[in-house]
Structure formats: structure tokens, C-alpha cells
Amino acid sequence: MLNFSAPSFSRELFLQKTQGKRVVLIYPWSNLKTLFLSAFLDKARDGLLYYRVTQESSNLVDWIDSLVTEFRGILGKKFGAETAAALKDRKPAQVGEALASDLGKISSDPLILYLDDVDRVTYEDEFAQWATAFIKALPAHVQVVVSARVLSRHPWDAFVSSGEAVVIGVETRRNNVVFTS
């Protein structure tokens with residue numbers, strides 16, 4: 001886990017500390033969400049795709065369909081062909097693999113997909129199946145940043161344990177105990 005504070009956070013430090021990680025989880029009670037977005041949006045040409053899960057998108061199929069629709073408006077109508085086809089079958093693992101493939105086709109340059117307010121999607125078996133397949137299928141040049149108001153351990157704990165994911169913005173408490181659950 002990485003503990004960035006506002007004065008020490010920089011885009012370059014973030015890239016250095018998260019290099020090689022498929023997933024970056026932003027600790028919910030940190031102020032890094034705003035710092036991260038401002039640092040990256042200032043240099044939008046550097047491969048950041050931002051998507052915020054809305055209240056209306058409470059299930060997996062709805063929010064992935066909404067994500068594809070939004071990104072088609074930015075990237076063109078060809079984006080998301082595999083994901084759209086997988087959504088018809090409603091099999092979470094296939095949807096995850098398809099989305100990873102579609103993201104990989106955008107460019108061979110590094111790409112960060114920032115998923116905001118992910119806790120608005122119900123964390124159940126369907127979500128865990130999607131997340132596991134999605135993360136495992138991510139091309140090496142694509143990284144996912146997950147931000148939520150509440151971040152449960154499941155399905156992320158296996159990725160943190162394996163070193164494929166990192167938690168940033170860990171709050172240090174009065175007694176210097178670092179959040180580890």
C-alpha cells in the first residue's frame with residue numbers, strides 16, 4: 001500500500017509507484033481522487049479514460065453498456081464491438097474479457113481507465129466474475145484505477161495479495177496504524 005499525501009503527490013510519482021500494476025485502488029477516505037484527476041486531466045493527451053458509475057447503473061450489464069455508449073461518443077462508433085456482443089449473452093466473465101480486449105485496441109500507448117463510484121454497482125458474484133476476468137485479460141499497456149466511496153475487499157483482495165493491484169492514499173491514523181483490511 002502506498003501512502004501519498006497532497007504535497008507529495010505528483011503524476012510522475014503515481015506512474016512510478018504504480019508501474020506494472022494492473023489495478024490501482026484509491027483508498028476511499030483519501031483526497032487523492034481529486035489530486036489524481038486534476039493531475040491527469042491537465043495532461044489529457046496522456047491516455048486517461050474516465051467513467052463514473054451513475055446511480056441509474058446499479059447492475060453490471062447496465063453500467064458496462066453505459067460505459068461503452070459514453071466511450072463511443074469519445075472514441076468513435078467502432079469502440080466496444082466485442083463488449084457489445086458479449087453483453088447480449090450476459091455472461092460476466094465474457095463481458096470482462098471483451099472490455100479488456102476493446103480497451104487494448106484503442107492504442108498501443110499506455111492507457112488508464114479510471115472507474116469512479118464503482119460502489120454503485122452491486123458487489124456480488126456477477127461483479128466478482130467480471131472483475132476477475134477483466135483484470136486478468138487486461139493488456140500490459142492498460143491500467144485500471146478504481147475509486148469508490150466504500151471499497152470492499154472482494155474481489156480486489158486477491159489482486160492486492162498477488163501484487164497485481166496496489167492501494168494508494170492509505171490514511172495514517174493518530175496511532176500510525178495503516179488501513180490493511
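The exercises below, each with a worked solution, concern a predicted model.

**Exercise 1. Helix packing**

Describe how helix α5 and helix α6 cross, and state which residues of the two helices meet.

Solution.
- Step 1. Two packed helices are described by the angle between their axes and the distance between the axes.
- Step 2. Helix α5 covers residues 92-104 and helix α6 covers residues 125-137; their axes come within 7 Å and cross at roughly 35°.
- Step 3. The handedness of the α5 and α6 crossing is right-handed.
- Step 4. On the α5 side, the contact involves Pro92, Ala93, Val95, Gly96, Glu97, Leu99, Ala100 and Leu103. Their partners in α6 are Glu126, Gln129, Trp130, Ala133, Phe134 and Ala137.
- Step 5. Sorted by class, this contact of α5 with α6 has 10 nonpolar, 2 polar and 2 charged residues.

**Exercise 2. Positive phi**

Locate arginine 90 and aspartate 117 in the chain and give the phi of arginine 90 and of aspartate 117.

Solution.
- Step 1. Most residues other than glycine have a negative phi.
- Step 2. Arginine 90, not a glycine, has a positive phi of about 60°. Arginine 90 sits in the loop between α4 (81-89) and α5.
- Step 3. For aspartate 117, also not a glycine, phi is positive and near 55°. The loop between β3 (111-116) and α6 holds aspartate 117.

**Exercise 3. A salt-bridge network**

Which residues are linked with Asp117 in a network of salt bridges, and is aspartate 117 buried or exposed?

Solution.
- Step 1. Between aspartate 117 and arginine 52 there is a salt bridge whose closest N and O atoms are 2.9 Å apart. Because aspartate 117 lies in the loop between β3 and α6 and arginine 52 in strand β2 (residues 48-52), this pair ties together parts 65 residues apart in sequence.
- Step 2. Aspartate 117 also forms a salt bridge with arginine 120, with the closest N and O atoms 3.6 Å apart.
- Step 3. The network therefore links Arg52, Asp117 and Arg120.
- Step 4. The cut-off for buried is under 20% relative accessible area. Aspartate 117, at 5%, is buried, and arginine 120 is buried as well. Arginine 52 has 34% relative accessibility and counts as partly exposed.

**Exercise 4. A link across the chain**

How many salt bridges does the structure hold, and where in the chain are glutamate 164 and arginine 22?

Solution.
- Step 1. The structure holds 4 salt bridges.
- Step 2. One of them joins the side chains of glutamate 164 and arginine 22, at 3.2 Å from N to O.
- Step 3. Glutamate 164 is in the loop between α7 (157-162) and β5 (165-168), and arginine 22 is in the loop between α1 (11-18) and β1 (23-26); the pair links distant parts of the chain, 142 residues apart.
- Step 4. Glutamate 164 is partly exposed at 24% relative accessible area, and arginine 22 is partly exposed at 26%.

Notes:
Residues are numbered from 1 along each chain as its sequence is written. This is a predicted model: local features need pLDDT of at least 70, side-chain atom pairs count only at pLDDT 80 or more; totals for chains, interfaces and linings use all residues. Side-chain values use heavy atoms; hydrogens and water are left out. Axes are lines fitted to C-alpha atoms, for helices over the stretch in contact, and angles run from 0 to 180 degrees between N-to-C directions. Helices (H or I, at least four residues) and strands (E, at least two) are DSSP runs, numbered from the N terminus. A crossing is left-handed if the near helix is turned anticlockwise from the far one by less than a right angle, and right-handed if clockwise. Contact means heavy atoms within 4.5 Å. Ala, Val, Leu, Ile, Met, Phe, Trp, Tyr, Cys and Pro count as nonpolar, Asp, Glu, Lys and Arg as charged, and the others, Gly among them, as polar. Buried means under 20% relative accessible area, exposed over 50%, partly exposed in between (1.4 Å probe, protein chains only).
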